[in-house]
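Please look over the fold below.

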Amino acid sequence: MQQDDFCVGPVIEWLKVDQEPPSHEISLAGPETKELWIHRELLQFNEHGVLLSSWVDPSLDQSHLCVVVLQCIKLEVSHSIHDIPVSGHPGQEKIFQERLS
């Protein structure tokens with residue numbers, strides 16, 4: 001599924017051939033694709049072939065792996081993580097109202 005995404009797919013193909021893509025391919029790519037490629041040293045495949053990105057939590061000084069989310073579902077994933085009661089985020093509207101008070 002990741003390989004079919006218009007942002008993630010090209011990066012997967014470039015990583016699989018293990019060589020720098022032609023500069024015209026990179027220049028024609030969208031900003032998300034370019035961002036992934038710029039930070040390709042943080043990318044790796046898991047045992048199932050899923051593309052992951054590593055990041056360091058500065059407060060814990062620990063590295064974590066995250067699934068590279070497809071552009072087509074990025075908004076849905078963001079909402080499902082941030083807009084549920086257990087996330088600790090009261091929501092944009094509530095924060096806005098609290099700021100006005």
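In which strand does Ser 53 lie? Ser 53 is part of β2, which covers residues 51-57. Helices (H or I, at least four residues) and strands (E, at least two) are DSSP runs, numbered from the N terminus.

This is a predicted model, in which local features need pLDDT of at least 70 and side-chain atom pairs pLDDT 80 or more, while totals for chains, interfaces and linings use all residues. Residues are numbered from 1 along each chain as its sequence is written, and side-chain values use heavy atoms, with hydrogens and water left out.

**Around Ser 53**

Ser 53 counts as partly exposed because its relative accessibility is 22%. The classes are buried (under 20% relative accessible area), exposed (over 50%) and partly exposed (in between), with a 1.4 Å probe and protein chains only. Setting aside neighbours within four places in sequence, Ser 53 touches Leu 42, Leu 43, His 64, Leu 65, Cys 66 and Val 68. Contact here means heavy atoms within 4.5 Å. His 39 is 14 residues from Ser 53 along the chain, and their C-alpha atoms are 9.0 Å apart.

**The strands**

**Helix α3**

Which residues of α3 are buried? In this helix, residues 31-38, they are Thr 33, Leu 36 and Trp 37. Seen down the helix axis, the buried residues of α3 fall within an arc of 100°, so they line one face. The arc is that of the directions from the helix axis to the C-beta atoms. Pro 31 and Ile 38 are exposed on the other side of α3.

**Gln 2 and the cysteines**

Gln 2 sits in the segment before α1. Gln 2 counts as buried because its relative accessibility is 9%. Its side chain reaches the backbone oxygen of Val 68 at 2.9 Å. Val 68 is also one of the residues in contact with Ser 53.

Cys 7 is buried, since its relative accessible area is 3%. Cys 66 is partly exposed, at 32%. The structure holds zero disulfides. A disulfide would be a pair of cysteine sulfur atoms within 2.5 Å.

**The whole chain**

How many helices and strands does the protein have? There are five helices and three strands. Along the sequence they follow the pattern α-α-α-β-β-β-α-α. The protein has 101 residues, and 22% of them count as buried. Of the contacts between residues at least 6 apart in sequence, 36% join residues at least 24 apart. The accessible surface is about 7600 Å². Carbon and sulfur atoms account for 58% of that surface. Accessible areas come from the Shrake-Rupley method with a 1.4 Å probe; for residues, only the protein chains shown count as cover.

How values were computed. Polar contact = N/O pair within 3.5 Å; in protein donor to acceptor, adjacent residues only side chain to side chain.
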